[in-house]
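Q: Can we go through this one together? I'd like to start with the interface and then move to the cores.

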Amino acid sequence: MNHLPLHDEFVKRHATLMPFADWEVPAYFTSILDEHATVRNAAGIFDISHMGVLSISGTDATRYLNYVTTNNCAQLANGKALYSLLLNERGGIVDDIFIYRESETLYTLVVNASNCAKDFAWLSAHVKDFAVSVVNRSPECAIFALQGPASGMIIKHAFNFDLGSMPFHTFRTISFQGKNIMLATTGYTGEWGCEMVFDRTAARVVWDALFQAGAAVGLKPIGFGARDTLRLEACCVLYGNEMNEDITPLEAELAWVVKWDKGDFIGKAALEAQQKKGITRRLVAFEMIDRGIPRHEYPVMFQGARIGTVTSGGCAPTVGKNIGLGYVLSSYGTVGTEIDIDIRGRMQKARIVNKPFYRRNKLRDAHYVHEEKK
Amino acid sequence: MKFPQELRYAKSHEWAKQDGAVSTVGVTEYAQKELSDVVYVELPDVGKKVSAGDAVCVVESVKAAFDIYAPISGIIKEVNRTLESEPGLVNTDCYGKGWFFKIEGTDSKDITLLMDAVTYEKHVAASAH
């Protein structure tokens, strides 16, 4: 089992540990509900150093990334972060990733921990027609996420940097005690905040600086249990649940990540064919009407007939409902459709709803910053 | 951790409190700690006949669902409807307001087969990782 850089700290704090990919990670420190609320109301810090960091460099870096991923890097400004997908030849999703463009010839990719080896092999296999090199920097990197309305205040006190000055999905490199930190306004919780990539040897120092800065607002370490409840409430998809190699972006409601007019890319032909034929299943968000909690793999039913499967489900503590994501036959995928979830043999009523379940209150977050300025 | 002396305990971490023919059943402090946040309880039907060791209802934490087992054989007399709106009582008051159901026992021997507090505490120490 691999350990995150702050593992000893987690043990010291008596975190309940759990396995995730090949890693032993904290499930929770206090409780999932407490940590979920802390991120929504104050701020929380996640050690997500298990994720993969790949460096793409060379004169063909942009052309190469445009071929191996679905989104368009050619029109991306330097300092922008871009959500994208790696597809196989069938149009199925190999991974969902974030691309950070430093320059036309230099990019950093952050990829899912469970797919890091697969992605590195896949990307390496496709370099031969391009002047580009792919380097796996994962073992030398640490990644933290700081999420919540107090994030700006904490970054200001820890690094003397104004997070509020950065537009959404951009990144800057800041210097802290002689180390470079790539700070990006990205996140997986639906809250304001940032994710930081930096040298693994600085993990302890950065962690301590953030905790010292965040003590006044009740900054807490957050486990993977709350990471999942937060992302589900924000309707963020999870590879392995909502996506796998047999699911296409058109089915997963990720067509917006696919740029058809940028030239050829792996999986384009298959997606075009599917678009012509029409998709047979689609990803929907639903909320429970009856009391039960939907979970991964539970059948989705319509008047006694099976129409799909739950991919992720659970309780949404902030919105006060039980919610889920799942695939259903396209014709049943309209918002407002009432469905049943088969929960341990009992049919429990649910309704397809618009995404997301939760949206942060930007007015509240702006107010948070102003209070600090007083 | 607290294991009240007057209760009897099952290996599966339920407690039973006998009052004549009727026993109240809940889960122990060890169980509620292992579960962490309880967010849902699916109570059994009143009148249901159960045998000792049967899975009779379900308790759900944020992450997973768990079976609750009848510690004695009998008929479900009453269920704690409050848990439907306040499942967190299982965590905050597992021996009091967090009770699950009451069984009218059919065999007076059953309760004697359960562990006393001292034996259960040893069982928990062996279970803990």
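What follows is a short exchange on the interface and the nonpolar cores.

A: Before that, this is a predicted model, where local features need pLDDT of at least 70 and side-chain atom pairs count only at pLDDT 80 or more, while totals for chains, interfaces and linings use all residues. Residues are numbered from 1 along each chain as its sequence is written, chains are lettered from A in the order in which they are written, and side-chain values use heavy atoms, without hydrogens and water.

Q: How many residues of chain A are in contact with chain B?

A: 15 residues of chain A contact 16 residues of chain B, contact being heavy atoms within 4.5 Å.

Q: And what area is buried between chain A and chain B?

A: About 1,400 Å², with 46% from carbon and sulfur atoms; this is the accessible area (1.4 Å probe) lost on putting the two parts together, summed over both. A:Arg291, A:Arg295 and A:Arg344 supply 43% of what chain A buries against chain B, more than any other three residues.

Q: How many salt bridges across the interface?

A: The rule finds 5, taking a side-chain nitrogen of Lys or Arg within 4 Å of a carboxyl oxygen of Asp or Glu. One of the salt bridges joins A:Arg344 and B:Glu42 at 3.1 Å, N to O.

Q: Switching topic: which residues touch the most other members of the largest nonpolar core?

A: Among them are A:Ile93 and A:Met243, in a core of 52 residues. Such a core is a set of buried (under 20% relative accessible area, 1.4 Å probe, protein chains only) Ala, Val, Leu, Ile, Met, Phe, Trp, Tyr and Cys residues joined through side-chain atoms within 4.5 Å.

How values were computed: Buried means under 20% relative accessible area, exposed over 50%, partly exposed in between (1.4 Å probe, protein chains only).
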